[in-house]
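Colleague: Could you walk me through the words you use for this fold, and what backs each one up?

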Amino acid sequence: MAKRAAGGSVDDFQRRADGASDWSSAVPYGLRRATQALTLAAGYRRGEPACDVIDELAFDDEPSAARCLADPAFRGAWASPLLDPASVACLVVEEHVAKPGPVPASFVKNYELVTKRPDLDRGEFDRYWAQVHGPLAATIPTIRRYVQAHLSPGTRETTAAPYDGLAITWFDDVAAMRAGAATEAYAKTRADEANFLAGELPFVITTERTTFPAA
């Protein structure tokens with residue numbers, strides 16, 4: 001995840017980012033798929049969002065991802081003049097599907113950047129998020145699909161990760177997101193966050209395209 005370079009306009013960044021993803025250096029490590037999510041233009045109306053772009057790359061296992069990350073050629077792939085270098089953050093995660101479901105043909109994708117409550121140990125945080133909060137959030141009727149991205153075992157052992165995970169949800173459109181936020185299920189889900197999360201959840205609402213394999 002990253003912010004655009006200082007002084008760059010949102011329109012110019014999104015236009016140029018559309019053709020800037022080259023993950024060929026990740027292919028030898030077993031890259032399965034890659035997507036690029038750009039923050040919706042409406043997300044800038046209230047100021048700068050948490051990030052401008054999120055690229056997701058999927059591998060078979062954590063060792064494959066770790067070997068890829070250690071390759072200078074791969075790290076060079078995201079050294080783009082479009083990005084603020086200080087803003088680039090990488091999480092190695094394992095997906096937990098909290099609400100299965102097909103992704104609509106046309107959709108918006110919401111990322112919430114998760115930070116655990118500091119008094120909880122990692123194991124209890126992961127257990128509560130997956131086993132208690134996940135089923136609760138899955139009852140929000142307009143969520144089409146909900147995936148929790150928990151830090152991978154190797155990443156959990158370090159303190160370098162900027163967040164403790166990502167909550168990723170798919171909706172038909174922004175109107176469906178707003179409708180979901182008006183439900184009792186949503187209110188109960190938000191009320192439960194104080195049981196395991198620290199403070200507010202930064203979020204970005206995005207549209208997504210596949211960047212690997214090429215169409």
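Modeller: Here is the walk-through, starting with the ground rules.

Modeller: This is a predicted model, in which local features need pLDDT of at least 70 and side-chain atom pairs count only at pLDDT 80 or more, while totals for chains, interfaces and linings use all residues. Residues are numbered from 1 along each chain as its sequence is written, and side-chain values use heavy atoms, with hydrogens and water left out.

Colleague: What makes β4 and β6 a pair?

Modeller: Two strands pair if DSSP finds at least two bridges between them, and 7 bridges join β4 (residues 108-114) to β6 (residues 165-171). So they count as paired, and they run antiparallel. The strands themselves are DSSP runs of E, at least two residues, and helices are runs of H or I, at least four residues, numbered from the N terminus.

Colleague: In what order do the strands of the sheet come?

Modeller: The order is β2-β1-β7-β4-β6-β5-β3, 7 strands in an open sheet with antiparallel pairing. β2 (53-58) and β3 (93-99) are the edge strands, as each pairs on one side only. From one strand to the next, the twist averages 30°.

Colleague: How do you know which strands β1 pairs with?

Modeller: Count bridges again: 6 join β1 to β2, and 6 join β1 to β7. Both pairings are antiparallel. Ala37 has Ile54 in β2 as its bridge partner, and Ala34 stands opposite Phe212 in β7.

Colleague: And why is β1 called mostly covered?

Modeller: Because buried means under 20% relative accessible area, exposed over 50%, and partly exposed in between (1.4 Å probe, protein chains only). By that rule, 6 of the 7 residues of β1 are buried.

Colleague: Why is Thr169 called buried?

Modeller: Its relative accessibility is 8%, so Thr169 counts as buried. Thr169 lies in strand β6. Contact means heavy atoms within 4.5 Å, and, leaving aside neighbours within four places in sequence, Thr169 touches Val108, Lys109, Asn110, Ile143, Arg145 and Tyr146.

Colleague: Which strands does helix α1 touch?

Modeller: Helix α1 (residues 10-17) packs on the sheet against β1 (33-39), β2 and β7 (203-212), and its direction makes about 165° with that of β1. Such angles run from 0 to 180 degrees between N-to-C directions, with axes fitted to C-alpha atoms, for helices over the stretch in contact. Helix α4 (residues 122-137) lies across β3, β4, β5 (145-151) and β6, at about 175° to β5.

Colleague: How do you know where the buried residues of α6 sit around its axis?

Modeller: In α6 (residues 174-181), Ala176, Met177 and Gly180 are buried. Seen down the axis, the buried residues fall within an arc of 105°, so they line one face of the helix. The arc is that of the directions from the helix axis to the C-beta atoms. An α-helix has 3.6 residues a turn, so residues three or four places apart point the same way. The cover over the buried residues of α6 includes β4, β6, α7 (184-192) and β7.

Colleague: What about α7, where do its buried residues lie?

Modeller: Ala185, Thr189 and Asp192 are the buried ones in α7. They span an arc of only 65° around the axis, which puts them on the same side of α7. The buried residues of α7 pack against α4, whereas the face turned away from the buried side carries the exposed residues Glu184 and Ala191.

Colleague: How many disulfides are there?

Modeller: The count is 0. A disulfide here is a pair of cysteine sulfur atoms within 2.5 Å. The closest cysteine sulfur to that of Cys68 is in Cys90, 9.1 Å away, so it's too far for a bond.

Colleague: Are those two cysteines buried or exposed, and what makes you say so?

Modeller: Cys68 has a relative accessible area of 1%, so it is buried. Cys90, at 36% relative accessibility, counts as partly exposed.
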